[in-house]
Amino acid sequence: MRPRPFLLVFLVLCFALPLFGADGVDSTRVLRREDLSSDLTELLSLAGKAERDNNLALADSLLSRLLAEAPAYAEGYGFLAGIRIAQRKWPEAIALCERVVALERDGDNLLNLAYCDWQWGLLHPDSTAVLQQALDLVHEAEILGGGAQALRRAYMQADLEYRLGYYDELRKTVRELLALAPDESSVHYFSMIVAIHDEDWPRAEAELQSAVRLGFDPQTAEEVERDVIQGPLAMRRYGMIARWIVGAWAAGFVIFFLAGQILSARTLRFLASAGR
């Protein structure tokens, strides 16, 4: 039996039209800027100008209008997420980054979502699950390839591993950071954290000094050195001095004992010869 015409129209309305945005653009295909109409491109330019002028409310409104017309424009959601981040609207920014990932799951977009989760987790210290989710996204981004964002990914990974207490993983990430950016102060600060965890106090002090030399805040460094490093380092140094004193005393005792033995032998030989 051939399908009736009205049934074909019904199927088109139910299944075909939802694949298109309000402007008739195929929303199953990720749109690029060059795919936008001239009116939408103008909206995007105005939103960019508003953002540069720090008029975040206007930029937010313009981008929302744009995305209502072109719901498959992934970069637009990322742009709007940046505006919401600037407005400290983290849950909304996370939702927008999730929309971008749903449209195009690549390393860069995963890192953007991980960044939002990471920052939201920092605002809620009890949100271990959120930080773990951010770290999982960072790992997936590393697998997919973060392009030019390798350094950004490694920074996020190091901070998340530190906050979650994954020090074995952190050691590997710090080595990667030292290879990627040996002249960045924050890299040496992370290296100092690993050294403190390992109770390698001389290395911790050296890494902190390297961080300060490369621009790390001297006041914060002074507090860290005073409150975290100097106590154990002083104990280590006192321990070395004590071991040196004990060692010197022991060496002196041995020398004294040997000298006594030699003198005793000479005395016995003298008495023996004198009695002849």
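Trp-118 lies in helix 6 (residues 107–123), where helices are DSSP runs of H or I with at least four residues, numbered from the N terminus. The model is a predicted one, in which local features need pLDDT of at least 70 and side-chain atom pairs count only at pLDDT 80 or more, while totals for chains, interfaces and linings use all residues. Residues are numbered from 1 along each chain as its sequence is written, and side-chain values use heavy atoms, with hydrogens and water left out.

Trp-118 has a relative accessible area of 13% and is therefore buried; buried means under 20% relative accessible area, exposed over 50% and partly exposed in between, with a 1.4 Å probe and protein chains only. Apart from neighbours within four places in sequence, Trp-118 is in contact with Leu-131, Ala-134, Met-156, Asp-159, Leu-160 and Arg-163, contact being heavy atoms within 4.5 Å.

Of the 13 residues, 10 are buried, so helix 10 is largely enclosed by the rest of the structure. The buried residues are Ser-185, Val-187, His-188, Phe-190, Ser-191, Met-192, Ile-193, Val-194, Ala-195 and Ile-196. Ser-191 has a relative accessible area of 4%, and beyond its neighbours within four places in sequence it touches Val-174, Leu-178, Arg-203 and Glu-207. Just after helix 10, Glu-199 takes a positive phi of about 60 degrees.

Attention now turns to a pair of helices. The axes of helix 2 (residues 38–52) and helix 3 (residues 56–69) come within 8 Å and cross at roughly 160 degrees. Such axes are lines fitted to C-alpha atoms over the stretch in contact, with angles from 0 to 180 degrees between N-to-C directions. Helix 2 is therefore roughly antiparallel to helix 3, a label for angles over 145 degrees. From helix 2, the contact is made by Leu-40, Leu-43, Leu-44, Leu-46, Ala-47, Ala-50 and Glu-51, and from helix 3 by Leu-58, Ala-59, Leu-62, Leu-63, Arg-65, Leu-66 and Glu-69. These residues divide into 11 nonpolar, no polar and 3 charged, where Ala, Val, Leu, Ile, Met, Phe, Trp, Tyr, Cys and Pro count as nonpolar, Asp, Glu, Lys and Arg as charged, and the others, Gly among them, as polar.

Key
Helices (H or I, at least four residues) and strands (E, at least two) are DSSP runs, numbered from the N terminus. Angles under 35 degrees count as roughly parallel, over 145 as roughly antiparallel, 65 to 115 as roughly perpendicular and the rest as oblique.
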